[in-house]
Amino acid sequence: MIISQLGYYSLIFGLLTSIFIFFNSSIQLKKNNLVISDKTFSLIGFQFFFVLISFISLIYSFIISDFSNETVYNNSHTTKPLFYKITGTWGNHEGSLLLWLLVLTGVLLGFIFKSRNEPNSYRLLTTLFHQIIVIGFFIFVLKTSNPFNEIFPVQTEGLGLNPILQDPALGIHPPILYLGYVGTSIIFSAALASMISNYVNKSWAKNIKFWILFSWIFLTGGILLGSIWAYYELGWGGFWFWDPVENVSLMPWLSLTALLHCIVTLEKRELFKKWTIVLCIITFALSMVGTFLVRSGILNSVHTFANDPSRGIYILTFLLVLVLLSFVIFIIYENKNFAQKSEIFTLSKETAVLINNWFILYFLSVVLIGTIYPIFLDVILDEQISVGPPFYNKLILPFLIPFVLFMSIGPSMKWIKTNFKFRAKSFFVIVFTMVLSFFTVYFIGEKNIFILLLFIGFFYLLLKSLDQLREKTKNFAQIFSHTGFSLLLISILLNSFSSREIVKNIQVGESFALKNEKIIFKKIAIEKEKNYESIVGFFEILDDKNTIINLQPEIRIYNEPEMATSEASIKTTLFKDRFITINIIKDQNFFNVRYQHKSFMIWIWISTLIIMLGGMFAIFRKNKEVNI
Amino acid sequence: MQSLEKIKKSIFSLIILIFLIISFFVFKFALQKEKIYSPKISENQIFTDFEVVGLVEEKQINFSEVLTGKNFYLINIWSSWCEPCKDESEYLLELKKNTPVMMIGVNYKDNKKNALNFLKLYGNPFDQIFIDKQGTISINFGAYGVPETFLINEKNKVLKKYIGPLNDKDVYEIKNITNN
């Protein structure tokens, strides 16, 4: 009880500190007294500290199962394992917003700390803009989603955490994703500040690049974790469903990727100033749109914790205010501070970056339209449609081919001007690509010219990226992320063409076959765990070499809240995953068994990790010369 | 030349501005629009063609026959082992007293003795109660767990869906809908 009070008042102190910082920095700016005194710095530290206290008290309430707290009551239960009590803290709307606030104040602290050598007007202005966002979220939390609401009479037992959220990958998915999402806020504040203080130049690019990389890495990681969770917990056997909630995390990722390429160009050549600023704003706006769409209940998914329109309207209004603010600032300062260099089209790295940006922006618009078009249609024409994979496949796949081709040759271009010389080596790469692609297409048995072209593009990118390892000045950041990206595309393509599945209703003792494998349903057993009961099916897979693989899919019946989930059993090998799920059918004698071969699944995860690794290289090599 | 450029720019800004404001209002309306999400229900229409068995008199009846003769029906999924259902019962009693709604209880994965005891202890707000031993009826409704409450109209359309126990606000809302 007291802990809840502590958390609540700590939040209020946090808000007061924010307001104080806001006015303090405006006064300093007005007086032109441009020092970030220890006072401002420690105030920002305090602000973070207050939110931290509040967050820790919520975690503590969850750990001790303090059911006088409404959030704990709604989302926890005494029989839950400790790990899920803790992760339950952010497995709900209120707690996750508190986490959001924690990251939001944390990145500002990090920014101020890391930008000691930057001009103070820029730092102060960034603080000022960031406080607008912070205050907005403080009020949002306190007014609409207070995590420390008390209930009376005190309940003896909680309602429990949604069982499908009781999963290790999902335990850390929100914090990682939030670091990425919320990291974009500092990019936004800094972009506005740099524009006003006329600081959009090479050193700014160098300063903000860290935060772009930071957000990008965590966003990639967060998406990866979410995807892994969907793969084995939801039991659908896929990793990406073009679900609106997935899309809203992909959109800021795409614009961050575009921004990442722009910022390097700005750093090297002082080009694309306006465009970089626009991208900074778009990126943050997209992550806010994501928060809005996911949290307001407009879209429904496991992420929608509560349908409370007042929350949605608050975020929406706040978002509009921020976008309008940045829009106005952009219009005012656009001509003042940007003496635009002429951007001439030559065969150069700049041009390659620009083309890359066009493509990414195109992909972004496709995803954006696919995500919000159904909402518009629903409101305006009262018609419900859902946009699925065919839409994205049709609009994205054909453009991937030129995109990866540009991506392959872009890195080997030079700044300002490139003279292309045709070398025998390039010829070998092309021939090798062709052979590899023909072989792959033949192997998977898809005689389709379009698929062949896709493979050619992807393999070319892979080989070209690897080829750079032989160059004298290696840029590991770029090599890793491009290699990872090409591997990702190849694995996805292979996965979608050579996966097989079979669905059967069988009884214990029966068997069925998929390709050259025999699947035998041995027995079932009932097991009791602390917070659930499970029905475990024992399956044996026999292949033609008579090797036995055992798989044990489960149906878990959680007690609080009462809910059944299907746990897939997966055997991962280098080239394919064997994936099996069972479901009970009404009359209980038969089980619905779904057995799948998912090709190259592990490569999808590995390649995404390689992409992330690329980003980490860029962070740690920041002092040396880094090209894209 | 310069002024032409300027005009172009302001037109462009205006378009973006208009787009932003339109998006704002579209989203705002989208928020206020009723959203009832349940995987098992198509177009918010509740599936009614299945047999149910009463809790008190164990008579079998088709659920579609239950839903006749009234303008509104409130389906409440409850259980005697469910803690929040206890708090909820006073709200249900109030709804029974002050609204023209037919109150239908679905007794979820419970045993008869405990269920009847529960009603004796906390009052019986229901006009009819059916048992759902396996939890399959609740699945037909697209329910997540207990307690959960559906307000449906005479066309079997789900008007409101409340996951978790009802509260003052919900009761007020239900009264508003059904008394008009």
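I began at the end of helix α14(A), where Gly445(A) follows with a positive phi near 70 degrees. I note here that I am working with a predicted model.

Next I checked the length of α14(A). The helix runs over residues 424-444 of chain A, which makes 21 residues. From its first C-alpha to its last it reaches 31 Å, close to the 30 Å expected at 1.5 Å a residue.

Which residues of α14(A) are buried? I found Thr433(A), Ser437(A), Thr440(A) and Val441(A). They lie on the same side of α14(A), because the arc they cover around the axis is only 95 degrees. I then looked for what these buried residues pack against, and it is α15 of chain A, residues 449-467. The face turned away from the buried side carries exposed residues, among them Phe427(A), Phe428(A), Val431(A), Phe439(A) and Tyr442(A). Ala424(A), Val435(A) and Phe443(A) are also on that exposed face.

I moved to helix α7(A), residues 168-196. I wrote down 29 residues and a reach of 44 Å from first C-alpha to last, close to the expected 42 Å. Where does α7(A) bend? The bend is at Pro174(A), and I noted an angle of about 25 degrees. Is α7(A) mostly covered or mostly uncovered? It is mostly covered, with 24 of its 29 residues buried. Just after α7(A), I found Asn198(A) with a positive phi of about 55 degrees.

Then I went to chain B and picked helix α4(B), residues 112-122. Its buried residues are Ala115(B), Phe118(B) and Leu119(B). Their arc around the axis is only 95 degrees, so they sit on the same side of α4(B). What covers these buried residues includes β4 of chain B, residues 102-108. On the other side of α4(B), I listed Lys113(B), Asn117(B), Lys120(B) and Leu121(B) as exposed. Gly123(B) follows the helix, and its phi is positive, near 90 degrees.

Last, I looked up how chain B is divided. The assignment gives domain 1 as residues 1-33 and domain 2 as residues 51-178. How far apart are the C-alpha centres of the two domains? I wrote down 48 Å for domain 1 and domain 2 of chain B.

Note on methods: Residues are numbered from 1 along each chain as its sequence is written. Chains are lettered from A and ligands numbered from 1 in the order in which they are written. This is a predicted model: local features need pLDDT of at least 70, side-chain atom pairs count only at pLDDT 80 or more; totals for chains, interfaces and linings use all residues. A residue is buried if 20 or more other C-beta atoms lie within 10 Å of its own, exposed if 12 or fewer, and partly exposed in between; C-beta atoms are placed from the backbone. Helices (H or I, at least four residues) and strands (E, at least two) are DSSP runs, numbered from the N terminus. The arc is that of the directions from the helix axis to the C-beta atoms. Two residues are in contact if their C-beta atoms, placed from the backbone, lie within 7 Å. The expected span of a helix is 1.5 Å times one less than its number of residues. The bend at a residue is the angle between axes fitted to the seven residues ending there and the seven starting there. Domain bounds come from an automatic or database domain assignment.
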